[in-house]
Structures are given as C-alpha cells and as structure tokens.
Amino acid sequence: MNKHYRTLLDAIETKNAVLGVVGLGYVGLPLAVEMVKQGFRVIGIDLDPVKINKINKGESYIHDISSDTLAQAVQSGRFKATDDYSSIRDIDAISICVPTPLSENQDPDTSYIVMVVDQIKRYMKKGVLITLESTTYPGTTEELIQNELEKLGYVVGEDFFLCFSPERVDPSNIRFNTFNTPKVIGGTTEACLSLGMAVYSKYVETVVPVSTPKVAEMSKLLENTFRSVNIAFINEMAMMCDRMGIDIWEVIDAAKTKPFGFMPFYPGPGIGGHCIPLDPMYLSWKAKGFRFYSQFIELAQSTNDNMPYYVVNKTSKILNEYAKSIKKSNILVLGMAYKPDISDLRESPGLEVYELYKDSGANVEYYDPYATSFRDKNGVTVYSVEYDLEKFGSYDCIVLVTNHSDLDYGAIASLGVPIVDTRNAFKEFKLPHIYKIGHSVQQVIEQEALTVG
C-alpha cells in the first residue's frame, strides 16, 4: 500500500483524522454527532445558513438528535458546522449525505452530488477518502465521482480512495440508530474498502463489506423496493377487502400468527419519506438503460400513488351516509408528517390527501403537533390548527393520516364526528362513526344495525 494509504490509516486508528460530512440533514447530522462521540474532530458542511446557525448554537432540528446531545458535541470543540466548502482542504475522510430527489419526469436528480464533487475537485488534497452515502442508482460512485477525479489525473486507490455506503436512517426509531445499525460498504479498490472499513468501524458497531460500490448501491435499492412492493400489495389487499366486506386489519393480525413464511405489512394513505417513494424509481430508471423494464416496480408505484385517491373517495362515501357532500364539508386532517412522532414532511401522502380534498371543494384544515406548517401546491404556507377538542367536534369529518403516539384517540373518538382511520389507530374503539380503510362502509353500517338491534 502507498504512503497515502498508510498515512490515512494511521490517522484513522489514532483518531487524528479529520472527518467531514457534507449535508447535515436526517442522515448527515446524526452521522456527524456519532463521529464526534467516538472521539473524532468533525467538520460539517451545509449550504443552509439556518442549519449552520442552529448547529453552532447547539440547537437540534432533527428529532433523533436532542439539543443537549448536539450542544455537547459542539462544546467538545471537535464539531464545527460551516457553509464554506474550502474546509475540504482540512478533511481526511469525507462522507457525502446530500439529497437525491426525483425530477418532475421521475428521473434521478443527482445535481446535489455533482455540486459536491465540483467542490471536492476544487479543494481536495491527495490521500482523502470519499464515501458517498446518498441513495442513488448502481454506477453513480464510479460515474460521478471516480471518473471526474480521474479526469484531473488522480488515480483511485493511490491518490484518493472511494467507497459507497448507503445510509440506513429510520427517523424516530428508538431501537436502531447510527451506531447499532449494520453498515454496508463497497470500495472501488481493495485499499479503498480497507480504509472505508477502518473509519466506519470506529463509529458503527457492525460494518458489512461487499465486493464493489455497485453492489452496495444496489443493496439499498433492493431494501426499499422490497418495502415498496410489499406495501403496494397490502394496499391492494386493503382495497380488495373493502370491496368484499372483510376487515384487512383483522386478516393481517390472523396471518401474522404464522411463525414462518409471513412478514406483516400494513396499508395506509400512501407512502412517504425520502426513500421508499423515490428509490425504486432510481432502480427502474437505471434498468431501462439495459432494456429491462420492471413491471413490479411500476405497478407498486402506481398502486401506492393511488392510495390518497382511495382515501378521498372513501371519505366521500362516508359523508354520503350523513347526507353530506364532500364539497363544502369541513374536514380536519390529523397528522401531516409521513410517519409518527416526527416533523418530516418529505413525500408525505398527507400532502396529497390535503390537496385532493381542496380540489374536491372541501374546507380543509389540519392538526399536527410536530409538522406545524407546510407549503401547498401554490406555494402558500398552511399552518396547523391548535389542539382544541371543542373545535374538533365541529368538523363534518376527521381523517387520521399520521398516527402520532401522543394523540388522545379516546377523546377524539368520543366526539362522535365521523372518522376516517387510515392507520387503524382507533382499533380499541368499536364505534359506528369510525371507519377504517380496508373495511367497507357498508359493513360498518350493518354492524351498527346489529348493535342497535
């Protein structure tokens, strides 16, 4: 191994290496804090001045990192956040954690990665380890990073080292975090993988090596495509059960008693977050370049994308039972974040549900204790209403989109307002005005008649 390899490996082992994280969002900030916890000096880079200011004051904007934890990291003197890319000159190993959204045409948007690579080309020093963590299509690491740096005359595995290690962040997961979630990593050369393993093993409990960056990139897409397809399947089963007068939630509870060969997935109003709605489309897009067309991916995407329409149509049927039209009805959406107990609105199905109600002529408001505002499709900021049970009781319908754990479901159920429950959050309350997706309106009416009889 050459001198750059030996110098960097020694710096990693002695924790004298300066680590860098580009992109201080849901992936980057927890990663940077964990690096600091394990004794490294860390430079965080982000172009958002609000984030930089908050970090350097010890104020966290990420649910999984408390302000106390962040403040300790900053006060240690080993963590600095900046918007100055020239800091790359001081970094020995850099992790890229920038967004990789889809374009309006559902094609991968790698512009954030390209921007970071342009800055690395400008400021990098020889011997740096670069690890891409942003979810992307197989081949990105070589195409957008290796090829670009080699055009400048650098040799991978000698002048710089390159890996891909997909992020595995699950916001608000109290069991798994940056340290104890196994980390897959693939290196462009043997030396690259060796250094990547060396540095990640210092702040991640289990590091899983694979043969190439492409395998690592594909593993991330497989994980989330698996989830997308299975969620789409159970969403279709929910709509089927609705039509057949069967309770999908009871069916799932029965099926999951089987100790082998079955993994429970649950229906909902759609899919959200940065990964599941986007990652399969990265894979589908790349596969088309090989003249391979994934019917499973496209079908799953279509099924999941249609769930907000199913929720709105179900709402209309429920309101009809009360001799009301969805037009001009007053509807309260409970929860707007894409999953419980966080403020993350990325790709949240609640946003689509909200817009569909508006398009149907309903008067829509929402309540979310975490996501207190969002911008609608016209760019207008919409604010959460205050928690007020008396006011909640005045709505024509309440639609539960996000099952936050601190909502008082008993109190809301007791209001008597028709409720559309997309998460089975009101399962403890067998009341005739509570309607679940995957459970027909007619079945609820029949059950009510039997109860009255």
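## Polar and charged contacts between the domains

A polar contact is a pair of N or O atoms within 3.5 Å; within protein, one must be able to donate a hydrogen and the other to accept it, and residues adjacent in sequence count only if both atoms are side-chain atoms. In this predicted model, local features need pLDDT of at least 70 and side-chain atom pairs count only at pLDDT 80 or more, while totals for chains, interfaces and linings use all residues. Residues are numbered from 1 along each chain as its sequence is written, and side-chain values use heavy atoms, with hydrogens and water left out.

Seven residue pairs, both at pLDDT 80 or more, are in polar contact across the interface of domain 1 and domain 2. Two salt bridges (a side-chain nitrogen of Lys or Arg within 4 Å of a carboxyl oxygen of Asp or Glu) also cross this interface. Lys339 and Asp170 form a salt bridge through their side chains, at 2.6 Å from N to O.

## Domain arrangement

The domain assignment, automatic or from a database, places domain 1 at 3–210 and domain 2 at 278–452. Their C-alpha centres are 36 Å apart. Domain 1 contributes 17 residues to the contact (heavy atoms within 4.5 Å) and domain 2 contributes 15 residues.

Between the two domains, about 1400 Å² is buried, and carbon and sulfur atoms give 63% of this area. Buried area here is the accessible area (1.4 Å probe) that two parts lose on being put together, summed over both.
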